[in-house]
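Please open the structure in your viewer and keep the selection tool at hand, as this tour moves from one selection to the next.

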Amino acid sequence: MRYKSQSVAYWYFAVSLALFGLQLVFGLLSATKYLGPDPLLYILPFDVTKVIHTNLLIVWVICGFMGATYWMVPDESRTELHSTKLAYVQLVLWVLMGVTAIIGYLFRWGTGNKLLEQPLPHKIVIVIVMLMFLYNVGMTIKKSGRLTTTEGVLLGGLGLAALLYLPALLHYENYTVSIFYRWWTIHLWVEGVWEMIQGGFLAYLLIRLSGADREVMEKWLYVIVGLVFIAGILGTAHHYYWVGVPAYWLPIGGVFSALEPVALVGMAIYAYSTIKRSGMSHPNKLALHWTVGSAVFTLFGAGLLGLAHTFPSVNKWTHGTLITAMHGHAAFYGAYVMIVLAMITYAAPSLTRRPEEGSAMGYWSFWMQLGGMFGMTLSFATAGIGQVYLERIMGLGFLDAQLKIQIHFVMLLATGSLFAIGVALFIIDFFRYAPRFGAQLDAPGDAAGLQAHAES
Ligand code: HEM
Ligand code: HEM
Ligand SMILES: [Fe+2]
């Protein structure tokens, strides 16, 4: 860690990992409910556990994004953060917002708009926190007078993510209108501006870990971001097929969303070829695993499994089934969970006393998570195929169909447990090393970082 203020990232990562663990408790709980009988039916029914599961995901992933940004910006702009105090106040507000929202959901306090269930006061706090964050980062860059392209793409993504949250503050009586604008936030987040965030972290990690030429890396980053937007914006229409809008959205959605994987293929080639060319010489190979893993798993979960149900002719059968959950898990994991874990793994040897080369536990965590998530994806997929056939082709009722596909939920619980053990190992591996709070130019592995720094 070259700048003392980068240590704020430690607390952001600590909070993120704790909430990640909690998210999985609610995921496993949601899965067990499919097997019934449910002793918690009147205390913690499925809709409540699911809402907590998905909201915790969003809260911890964004917390991870903020921590990783506070880590990366001083490094890129070569200066201390504008205000560490502001960063800590912001973190406390974020945690209070998250925790009270979760408690609220237990009492059915929420807007009921999927993934955007946060009550209005919480939404306002979210906007305030984002403004504090963007101000702090903006002032840091202004003070230093150095803005790299990688940083620009990251900040563009974060700023636009905040902007696109604004439609979620409005309330519409008409259900079609409400759904129409809901996707401006959700779809344009995950298939648009969050990919800029992922791309920014990816480019930063690849430059640092491989020592690749910054100019070349940043040129390709522009190409990838361009491709994301060309397909992603009109690709929103793949959510408009059945919501009550005019039929011309069907071909628009089909054509443009089918182009979305092109950017993800580009991203995977970008990561893989960079690392291959550089010969894996960086000591933090664990961070290399997470970085390349993120790009490759995104291609699988978002690209391939997104494409699998994006055409109207397929989506009319699969819409809103466990096929959606299959894709939602694999895509979110590859793109956003893995990139946050990559940033944590890269920063850990400086933020804590973890050895640069990582530990055996770190590798176990990586492979158990990967295997577990792959198994979960298959479980949701097999359950989803059965569900579509029984429910939509054979005409069975929802619950009758669910009873016939229970075996896939046994598999989900088994693979989900494997995944959860992998996550537990990651959390233990992070917390078992004492944090460091001072700048150390001679910190282990920093030589490699400094070399990349000098070359950049
Ligand atoms: C990292 C990128 C992505 C993430 C995190 C992601 C995540 C998700 C999530 C969570 C949902 C469920 C949303 C809801 O019902 O509220 C969803 C739905 C969907 N996604 Fe993605 N996705 C990504 C990329 C893609 C791509 C590239 C495609 C197409 C090639 C795609 C196609 C779809 C489709 C068609 C649906 C609607 C499913 C339905 O009708 O029920 N996604 N995605
Ligand atoms: C122990 C691991 C996990 C288990 C057992 C699990 C289980 C579940 C279950 C049962 C649902 C409800 C599906 C439905 O609506 O019928 C769900 C929803 C969801 N989970 Fe997980 N989950 C786990 C981990 C994760 C992780 C790591 C992520 C993020 C990468 C995630 C993201 C989501 C999302 C986005 C949804 C909503 C999907 C949709 O609306 O279609 N889950 N999960
Ligand atoms: Fe989408």
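This is a predicted model: local features need pLDDT of at least 70, side-chain atom pairs count only at pLDDT 80 or more; totals for chains, interfaces and linings use all residues.

Residues are numbered from 1 along each chain as its sequence is written, and chains are lettered from A and ligands numbered from 1 in the order in which they are written.

Begin by selecting residues 285-307, helix α9, together with residues 360-393, helix α12, which pack at an angle of about 20° with their axes 10 Å apart (helices are DSSP runs of H or I with at least four residues, numbered from the N terminus; axes are lines fitted to C-alpha atoms over the stretch in contact, and angles run from 0 to 180 degrees between N-to-C directions). The two helices are therefore roughly parallel, a label for angles under 35 degrees.

Next, select Leu286, His289, Trp290 and Gly293 of α9 with Gly362, Tyr363, Phe366 and Leu370 of α12, which make the contact (C-beta atoms, placed from the backbone, within 7 Å).

Now move to ligand 1, which has 26 residues around it, with Ala302, Gly306, Gly328, Ala331 and Ala335 coming nearest (a residue counts if its C-beta atom, placed from the backbone, lies within 6 Å). The largest share of this shell, six residues, comes from α11.

Finally, select ligand 2, which is surrounded by 20 residues, the closest being Gly27, Ser30, Gly328, Phe332 and Gly416. Here α11, residues 322-351, gives the most to the shell, with seven residues.

Conventions. Angles under 35 degrees count as roughly parallel, over 145 as roughly antiparallel, 65 to 115 as roughly perpendicular and the rest as oblique. Two residues are in contact if their C-beta atoms, placed from the backbone, lie within 7 Å.
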